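Please look over the model before reading the points below.

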There are 2 protein chains.
Amino acid sequence: MATMQDVANLANVSLATVSFTINNSKPVSPKTRAKVEAAMKDLGYRRNAVGSALARGRTHVLALLYPALQHRFSPTSVRFFTSAADQARLRGYNLVLWPMSNDAEAVSELTSSGLVDGVVLMEVQLDDPRVAELSGSTVPFALIGRTRDTAGIPFVDVDFESTVEKAIDRFIQLGHTDLVLVDGGIGNQLLGGYGPVARTRKVFGEVTAQRGLSGAIMSGVHSSAGGRELAKEFVASHPETTGVLMMNEQAGPGFVAGLQQAGYRLPQDVSVVAIASSLDIVSMSEPEMAVYISPADELGRLGVDTLIDRLDKLSDTLPQLLIECSYSSGATMGTAPKRKK
Amino acid sequence: MATMQDVANLANVSLATVSFTINNSKPVSPKTRAKVEAAMKDLGYRRNAVGSALARGRTHVLALLYPALQHRFSPTSVRFFTSAADQARLRGYNLVLWPMSNDAEAVSELTSSGLVDGVVLMEVQLDDPRVAELSGSTVPFALIGRTRDTAGIPFVDVDFESTVEKAIDRFIQLGHTDLVLVDGGIGNQLLGGYGPVARTRKVFGEVTAQRGLSGAIMSGVHSSAGGRELAKEFVASHPETTGVLMMNEQAGPGFVAGLQQAGYRLPQDVSVVAIASSLDIVSMSEPEMAVYISPADELGRLGVDTLIDRLDKLSDTLPQLLIECSYSSGATMGTAPKRKK
DNA sequence: CTGAAAGCGCTTACAG
DNA sequence: CTGAAAGCGCTTACAG
C-alpha cells in the first residue's frame, strides 16, 4: 500500500502538502493540487484510517451495541440497525453492529480502544451498567431505549406507556373486559429488567386496574415455537380472556397459529393485537394481526442523529424523545364474544 | 485516558517494559511486573487499540460485509452473523457487521483503511466485484457463499445443488409431477445474479427435465406481503401444480397464508417445502412447513475459522466447503392429489 | 531482565 | 501557498 510519503515523493512536494490537499485543510495552489492528485491516482493511494485516527482521534466509525449472542435479533431490531446505518452513512460515518453483552467492562474496553468515535446502545435495561460506565466516560453515546433514571442521558425510545394505554382503550371500545399481556420476559433482574417489558407491565397493570378490567401477564421465549407454547398455556389458564396484547414480536405468528390449532377462531373467540411489532411479522399469520407498529426507522435515524450532533458539536441540547406506535388494523381484532366459544 | 507512558512513569520503568509485561512479549521480573500491574490498576489503564494497530498492523477486528441497506436480513442471515461473531470471540477477535453494498470501491476503501484485519463476505453474487477486488489485495478474506469461478477463493456455502435434487426426489416419491420453484429473484444481473438463486434455478431446471417433470419458476419480494402476492399469482397461473419449493425465507409464511385464503388445503391440494430456511420461520405458518434447514450456524463458524486460520497462519490450505441442508418434516408435505381440488 | 530509540501513517501548529 | 518537525500511542529490533 502506498503511503502519503510515497505520494509526496512522486509529486515532489512535502508530506504536509499532500495532507492539506486531501483534507482541504489549507489552501493549495491548483498546480500543486494537480500534481498531488496525479500522484495519488498513479499509486492508487488510499488514506490509512489508523494513522489518521491516531493523529486526529477520529475513526468515523460508530458502534451499535447489540447483545446479539444473548438476544436474538427481531425483525424490528433489524430495522433499527439498517435505518441507523443508513443515516450514519448520509452524515459521513460508518455505523457497524458490534455484538456485545450488557457489560460495563466490555463497553469500556471498546470505548477506550479508540476504534470507534461513539456508541449507540440497544436492548437497554432499567439499570443498565453500560450506561453508568458511559456516563462516566468522555465517549459520546445515545440510547435507543432508556434507563430507569434518564437524567442527563440522551435517548430516543418507543412511547410504550401511551401505546399500551391506547391499545387497552381500543379493547374496551370493543367490549372486552378480560385481557392478557404476553411478553418476552423481564430479562436480567439484576439489571432492573428489560426496559420495554418493565414499562409495559407497569402501565398495563395500572390502566387495567384503573379501568376496572381483569389483566394478567404471561411470558414466553422469543420464537415461533415459544408462541405456540404460549397459546397452549393461554388456552389452559385463561379460558375467560378475550383480548390479548402480544408484545413478543417473534412469538406472535406462532401464538396465532397455536390458538387456531386449539380450535379458537380469531377474532370471534379471541382478539389479538401486536404491540411494537412490524407489518412484516403480523402478515405472516393468518388472519393478519392488528398491530401497533414500532417506529423503528424513525428511532434508528434519530438515535444516530443525536449521537452525531454531539460528535460534530452541532448541538449541546439533550434529546430525549418518545415516539408512539402507529396503529394498523388487522383481522384479529373484533368485538368481544357474548360468551366465549 | 492514561497512556502507556503514564503507567511507565508511575511504575518507574520504561515504556518498553510496560509493553513487554502487557503483551508478554519478553521476560519481565516478577517484581517489575508487580509494579507495572499496580500502576495500571491505579490509573485504570487500557491499551489504546489504535496506537497498537498502527505499530503492529493488527486491530483484531473482522468485518462481516452485508449489503444490509439493499437486502433485508433474513432470520437465517442473522444466524450466520451471530454464529460467526461467537466463533470470532472464542478465537480472540471481534467480528462486527459492516453494512456495505456489493461494491469493489467500498471494499477496497475499508480494507486499505487498516481498521479491520480481514473480511467475510455474504450475499455473494456469481460475478461479485468485491471478490475480484479482494483477490488482488493482501487482505485475508473468506466467503459465505461462492462466485461462479471459485479457483483460489476460500469459501463455505450451502450445497444447494444436492439439497434441491433431494427435495425434488422427495416430491417424486410422493407422486408429484408438476412443481414450481419460488425464489426471491436473481438480483443484480450485472453481477451475474445472486449465487443461491442462480444455482438453485439451474439445478431445478436440470433435475426436473431429467426426471421428466414439469417445472416452473416464480419470484417475489422478500417479505410476508410478497408471499401473499406470490400465492395469488400461483393460484392464477399454476392451477395444475401440486408441489412448491419455497426458497424465499421471508415470503414462506405469507405464501402459506395466501394459499389458504384462496381456499387451498395443505397438503391435500398443494404440498410446500421450504429450502434453506429455518425452523423458526416455518413454524410461524399453520400448518408448519416442512423445511430443508440451512446449516447457518455451522457455516458462520466455518467461515470465521477459515479466515482466522489464514490470519494466524495456522493453515495454508484453501478451504472450500459445501454443506447440505438437513430435512425436517412438516405438515405441508403430502402425497399428490389425484385431481387437484 | 531493562531501556533508548526508531518507526507505524498520519495531522497540525509553527515558521517562512 | 509550502515545508520541517513534533506528536498521536503503541511495538520491537538493538544494545547493554
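Ala63(A) stands opposite Val119(A) in β3(A). This is a predicted model, in which local features need pLDDT of at least 70, side-chain atom pairs count only at pLDDT 80 or more, and totals for chains, interfaces and linings use all residues. Side-chain values use heavy atoms, with hydrogens and water left out.

**Strand β1(A) and its partners**
- Strand β1 (residues 61–66) of chain A and strand β3 (residues 118–121) of chain A run parallel and are joined by four bridges; strands pair if DSSP finds at least two bridges between them.
- β1(A) also pairs in the parallel sense with strand β2 (residues 94–99) of chain A, over six bridges.
- Within β2(A), Pro99(A) is the bridge partner of Tyr66(A).

**Burial of β1(A)**
- Six of the six residues of β1(A) are buried, so the strand is largely enclosed by the rest of the structure; buried means under 20% relative accessible area (1.4 Å probe, protein chains only).
- Val61(A), Ala63(A) and Leu65(A) cover one side, and Leu62(A), Leu64(A) and Tyr66(A) the other.

**Surface near DNA strand C**
- DNA strand C is surrounded by 29 residues, the closest being Ser19(A), Lys26(A), Thr17(B), Pro27(B) and Thr32(B); near means that a heavy atom of the residue lies within 4 Å.
- A polar side-chain atom of Lys26(A) lies 2.6 Å from a base nitrogen of DNA strand C.
- For Ser29(B), a polar side-chain atom lies 3.0 Å from a phosphate oxygen of DNA strand C.

Terms used: Residues are numbered from 1 along each chain as its sequence is written. Chains are lettered from A and ligands numbered from 1 in the order in which they are written. Buried means under 20% relative accessible area, exposed over 50%, partly exposed in between (1.4 Å probe, protein chains only). Helices (H or I, at least four residues) and strands (E, at least two) are DSSP runs, numbered from the N terminus. A polar contact is a pair of N or O atoms within 3.5 Å; within protein, one must be able to donate a hydrogen and the other to accept it, and residues adjacent in sequence count only if both atoms are side-chain atoms.
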